[in-house]
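Work through the exercises below with the structure in view. Each task is followed by a solution in steps.

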Amino acid sequence: MHAITVEEHGGPDVLRYGEAPDPVPGPGQVLVRTAAIGVNFIDTYFRRGMYPIALPYVPGSEGTGTVVALGPDVTDLAVGDVIAWSDSTASYADLVAVTAARAVKVPDGVPPEVAASVLLQGMTAHYLTHDSYAVQPGDTILVHAGAGGTGLLLTQIATRIGARVITTVSSDAKAELSRGAGAAEVLRYTDDVPARVRELTDSVGVPAVYDGVGKDTFEASLKSTRPTGIVVLFGAASGPVPPFDLQRLNGLGSLYVQRPSLGAYVATPEAFRRRADFVLTGLAEGWLNFHVGATYPLADAARAHTDLQARRTTGSVALIP
Ligand SMILES: NC(=O)c1ccc[n+]([C@@H]2O[C@H](COP(=O)([O-])OP(=O)(O)OC[C@H]3O[C@@H](n4cnc5c(N)ncnc54)[C@H](OP(=O)(O)O)[C@@H]3O)[C@@H](O)[C@H]2O)c1
């Protein structure tokens, strides 16, 4: 088969396309021929060595395709099933060994580039809005990177719950997309974000900030949060937040900060299925729109990473083998 392999950490050019051995499905796994593969910001952290991973490795944690073989002990999937998976490994490839408990059958009519890239970001948006902080009708919340893959989904889910969503974006085109997802107010990072948020919330601040940007926005996130509110720091698109004096949370109004990861929120097959079902049902019912901003051939994964890191993408990004 063909796959992207990373032999050393570095820039996008370390993503090399070539031949690789076919994976063999182990117990509880199925072998899938991929139709599309999701690209996520976390793939760039592993590539750069920000998160630990043994070299060499094949990147990518999600995708969609057709089951072509079953490993031992697989009972609920069959050869020919079209599935999507997330929280798996080695997905930037023609063939992937997928853990059946980390997969769902794809309903008819969902295009491959959507099925491949909706689960990780969609399940993340679900736990962020239901568990990290349970968004309430009437809340006003702040979401950074509102036109990104996760940002667009988070905005739609929070809006559907009945919240008013303020977002930040970097361009007019992204502002329009964010408004289309339901954002009531769209700010620029260059605005005085805490001051604008306070203007929009009767000087109180918001109960929750969802911050996947990290280094560049964290300070504004803290200052936009109302007393006893929470900053959910769920990513580091601009870089990791430097070491932080917890005593500051006291002075800022008894704030909470969470640094979550999806893995903890889909740790059981039941949690995985519940969150995946929520996302797929949202798509089927039509209230959740999923914007795939760009697709690239699998061989051009380096270009996909370059564009994602250069903030040139909107919504999600998929690779086509
Ligand atoms: N913890 C979890 O469970 C979890 C799960 C999924 C994703 N995440 C995190 O969520 C964040 C969004 O992920 P995603 O895959 O949906 O990506 P994305 O939002 O589609 O892309 C990242 C966006 O961040 C914004 N950004 C701001 N400053 C940036 C900078 N200096 N460099 C690059 N981008 C910058 C850009 O939007 P603008 O141009 O509008 O600023 C960019 O489009 C990432 O931090 C990711 O790691 C976390």
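**Exercise 1.** Find the residues with the most contacts inside the largest nonpolar core, and the elements that build this core.

Solution. The largest nonpolar core holds 38 residues, and Met123, Ile141 and Tyr210 have the most contacts inside it. Such a core is a set of buried Ala, Val, Leu, Ile, Met, Phe, Trp, Tyr and Cys residues joined through side-chain atoms within 4.5 Å, where buried means under 20% relative accessible area (1.4 Å probe, protein chains only). Elements giving two or more residues include helix H2 (112–132), strand S8 (140–143) and helix H9 (269–285). H2 gives the most, with 9 residues. Helices (H or I, at least four residues) and strands (E, at least two) are DSSP runs, numbered from the N terminus.

The model is predicted: local features need pLDDT of at least 70, side-chain atom pairs count only at pLDDT 80 or more, and totals for chains, interfaces and linings use all residues. Residues are numbered from 1 along each chain as its sequence is written, and side-chain values use heavy atoms, without hydrogens and water.

**Exercise 2.** Describe how H1 and H10 pack.

Solution. Helix H1 (residues 41–48) and helix H10 (residues 301–309) have axes 10 Å apart, at an angle of about 105°. Axes are lines fitted to C-alpha atoms over the stretch in contact, with angles from 0 to 180 degrees between N-to-C directions. The two helices are therefore roughly perpendicular (65 to 115 degrees). Next, list the contacts (heavy atoms within 4.5 Å): Phe41, Asp43, Thr44, Arg47 and Arg48 of H1 meet His305, Leu308 and Gln309 of H10.

Conventions:
Buried means under 20% relative accessible area, exposed over 50%, partly exposed in between (1.4 Å probe, protein chains only). Angles under 35 degrees count as roughly parallel, over 145 as roughly antiparallel, 65 to 115 as roughly perpendicular and the rest as oblique.
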